[in-house]
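Subject: Structure handover

Hi,

Here is the structure I promised to pass on. My notes on what turned up follow below it.

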Amino acid sequence: MQAPLLEVKNLKKYFDTPNGLLHAVDDVSFTIEKSKTLGVVGESGCGKSTLGRTILHLLDSTSGTILFNGRDITKVGKAQLKELRRDMQIIFQDPFSSLDPRKCVSDIIAEPMLIYKKYPNRKAAMEKVAELMETVGLAARLAYSYPHELDGGRRQRIGIARALALDPQFIVCDEPVSALDVSIQAQILNLMQDIQQERKLTYVFITHNLSVVKHISDDIMVMYLGNMIEKAAKQELFQRPLHPYTQALLSAIPIPDIDVPKKRILLRGEVTSPIDPKPGCRFAPRCQYAKPECFETNPEIQEVVPGHFAACHRVREINSLGSECGGGQV
């Protein structure tokens, strides 16, 4: 088994608010192997984007450890961080607000190369820009266009090209297709997969769209109010979700066949406040299986079946998991 490219241990990110500490990311641990994609899913506000930005040091972590290529990058200085930026990039959710409206397409893509002096002169950098534009499917005639002159799909292709400018190993994809039309989403997803195969890239793919995450991911991590509550290979997660929250999420996926029965799991109850949360499972107020212990102690993430992790006090009981590890179907 190869060493992981990224290893996150007990990562926490809290924000000060007038009412207390907001636990945006709370004790999250995972690893990603090289050239693999980890999909991160959950409701809006569960901490997905904060997790990605904390890994990249766009936000400073509160505590925990981040290892990249075996090197501890949890706390790094400005010089070290600048070097780290070569290998770790991000594709933002909004393809318009993430681009400088004062720069044309070629200048936006070339900017990282010029800052890092990757090429001996501007001419060499622009040759690389032309190559990247071709890679992401941008016509050469658009080199001197501005972001406001282009549609959302082309803008996001610019963002992808800019992320590739320094030949990184790792990219956080922060809901890169959520602002695009469905037909354009498919094109961008296929493009990202092709680029990943060609360049052996590693992705953290953040999204709230379960169909998208199933299409592009190798492993999937489910988050709820800052906690990782389930993680497994994509086929395993979709065939046998173990956590009640994951089961409810998957039950909401529409099936385009009226003859196929679909049992929808409706979540009721109040969402726990992420500000100074009390001990106990944060999903308990909305969980139909909750017992007193669920409101008293935090469930530990555990390997319920080989390679399948879940944080739930009653996971084996709910899914009737015995020695043969059966059950778990929605």
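Is Arg-122 buried, partly exposed or exposed? At 43% relative accessibility, Arg-122 counts as partly exposed (buried is under 20% relative accessible area, exposed over 50%, and partly exposed in between, with a 1.4 Å probe and protein chains only).

Before the rest, some housekeeping. This is a predicted model, where local features need pLDDT of at least 70 and side-chain atom pairs count only at pLDDT 80 or more, while totals for chains, interfaces and linings use all residues. Residues are numbered from 1 along each chain as its sequence is written, and side-chain values use heavy atoms, leaving out hydrogens and water.

Back to Arg-122. This residue lies in helix 4 (helices, H or I with at least four residues, and strands, E with at least two, are DSSP runs numbered from the N terminus). Leaving aside neighbours within four places in sequence, Arg-122 is in contact with Asp-107 and Leu-114, where contact means heavy atoms within 4.5 Å. With Asp-107 there is a side-chain to side-chain polar contact at 2.6 Å. (A polar contact is a pair of N or O atoms within 3.5 Å; within protein, one must be able to donate a hydrogen and the other to accept it, and residues adjacent in sequence count only if both atoms are side-chain atoms.) The C-alpha atoms of Arg-122 and Ala-165 are separated by 14 Å, and these two residues are 43 places apart along the chain.

Now the cores. A nonpolar core here is a set of buried Ala, Val, Leu, Ile, Met, Phe, Trp, Tyr and Cys residues joined through side-chain atoms within 4.5 Å. The largest one has 36 residues, and Ile-109, Ile-160 and Met-192 have the most contacts inside it. Elements that each supply at least two residues of this core include helix 3 (105-115), helix 5 (152-164), helix 6 (182-199) and strand 8 (202-206). A second, separate core has 28 residues, among them Phe-30, Phe-68, Met-221 and Met-223.

Helix 3 deserves a look of its own. Its buried residues include Val-105, Ile-108, Ile-109 and Met-113, and the buried residues of this helix pack against helix 4 and helix 5. For Ile-109, again leaving aside neighbours within four places in sequence, the contacts include Val-129, Leu-132, Ile-158 and Ala-165. After helix 3 comes Lys-117, with a positive phi near 50°.

On to the sheets. Two strands pair if DSSP finds at least two bridges between them. Four strands form an open sheet in the order 2-1-4-5, with antiparallel pairing. Strand 2 (20-33) and strand 5 (71-72) are at the edges with a single partner strand each, so one side of each has no neighbour in the sheet. Strand 1 (residues 4-17) pairs with strand 2 over 11 bridges, antiparallel, and Lys-13 has Val-25 of strand 2 as its bridge partner. Helix 1 lies across strand 1, strand 2 and strand 4 (63-68), at about 115° to strand 1. (Axes are lines fitted to C-alpha atoms, for helices over the stretch in contact, and angles run from 0 to 180 degrees between N-to-C directions.)

Strand 9 (residues 219-224) is mostly covered, with 5 of its 6 residues buried. Strand 3 pairs with strand 9 in the parallel sense over 4 bridges, and Leu-38 stands opposite Asp-219. Strand 10 (residues 227-233) runs antiparallel to strand 9, joined by 6 bridges, one of them with Val-222 and Glu-230 as partners. Strands 9 and 10 form a hairpin with 2 residues between them, and Leu-225 in the turn has a positive phi of about 45°.

Finally, charges. The whole structure has 14 salt bridges, each a side-chain nitrogen of Lys or Arg within 4 Å of a carboxyl oxygen of Asp or Glu. One of them joins Glu-43 and Arg-286 (3.1 Å, N to O). Glu-43 is in the loop between strand 3 (37-41) and helix 1 (48-55) and Arg-286 in the loop between helix 9 (244-251) and strand 11 (302-305), so the pair ties together parts 243 residues apart in sequence. Glu-43 is partly exposed at 28% relative accessibility, whereas Arg-286 is buried at 14%. There is also a salt bridge between Glu-7 and Lys-9 (3.8 Å, N to O), and a network of them links Lys-118, Asp-167 and Arg-199.

Cheers
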